[in-house]
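Dear colleague,

Please find below the structure that I am handing over to you, with the findings set out after it.

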Amino acid sequence: MAVGDAPVMEALIEINAASLARTELDARSLMLVRLAALAAVDAPASSYLLHVGPSVEAGLTAGDAEDVLVAVAPIVGAPRTASAAGKIMQALDLAIELAQEDDKSAQDA
């Protein structure tokens, strides 16, 4: 049986930490590459959500995400590109909603 309070999330965090430790890419380049990879594998919105915070911290913008999707469209195809665009929007909407809930909770406390 899996161990820990949130074993799946903890495993994902460990995998990401190992990846970060082994690459020499700067944070911005790393997030652009990861965004392209998420589009290529038709990742779910939850995978994009895990990258919203680090992407913002690395200085990525919505325009950067659009540029990545335009760049990979000839490789991954129109359906995956459109799917990725929609999932990125879902992840951003959810991230905004969660941030607003955190703000409200902090104000209520």
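The buried residues of helix H5 are covered in part by other helices, including helix H2 (27-40), helix H3 (45-57) and helix H4 (62-76). Please bear in mind that this is a predicted model.

Helix H5 itself runs over residues 78-108 and has 31 residues. From its first C-alpha to its last, H5 reaches 45 Å, which is close to the 45 Å expected at 1.5 Å a residue. The buried residues of H5 are Thr81, Ser83, Ala84, Lys87, Ile88 and Ala91. As a general point, residues three or four places apart in an α-helix point the same way, because there are 3.6 residues a turn.

The largest pocket holds about 350 Å³ of space. Its lining has 20 residues, and the closest to the pocket centre are Leu35, Thr61, Ala65, Ile88 and Leu92. At least two lining residues come from each of H2, H3, H4 and H5. Sorted by class, this lining has 15 nonpolar, three polar and two charged residues.

The second largest pocket holds about 270 Å³ of space. Two or more residues of its lining come from each of helix H1 (7-22), H2 and H3. H1 gives the most, with six residues. Among the residues that line this second pocket are Met9, Leu12, Arg34, His51 and Pro54. By class, the lining of the second largest pocket has nine nonpolar, two polar and one charged residues.

Yours sincerely,
A colleague

Note on methods
Residues are numbered from 1 along each chain as its sequence is written. This is a predicted model: local features need pLDDT of at least 70, side-chain atom pairs count only at pLDDT 80 or more; totals for chains, interfaces and linings use all residues. Side-chain values use heavy atoms; hydrogens and water are left out. Helices (H or I, at least four residues) and strands (E, at least two) are DSSP runs, numbered from the N terminus. The expected span of a helix is 1.5 Å times one less than its number of residues. Buried means under 20% relative accessible area, exposed over 50%, partly exposed in between (1.4 Å probe, protein chains only). Contact means heavy atoms within 4.5 Å. On a 1 Å grid over the protein atoms alone, a cavity is a set of points where a 1.4 Å probe fits but cannot get out, and a pocket is an open set with protein on both sides within 12 Å along at least five of seven lines; lining residues have an atom within 4 Å of a point. Grid points are joined across faces, edges and corners, and a volume is the space filled by probe spheres set on the points. Ala, Val, Leu, Ile, Met, Phe, Trp, Tyr, Cys and Pro count as nonpolar, Asp, Glu, Lys and Arg as charged, and the others, Gly among them, as polar.
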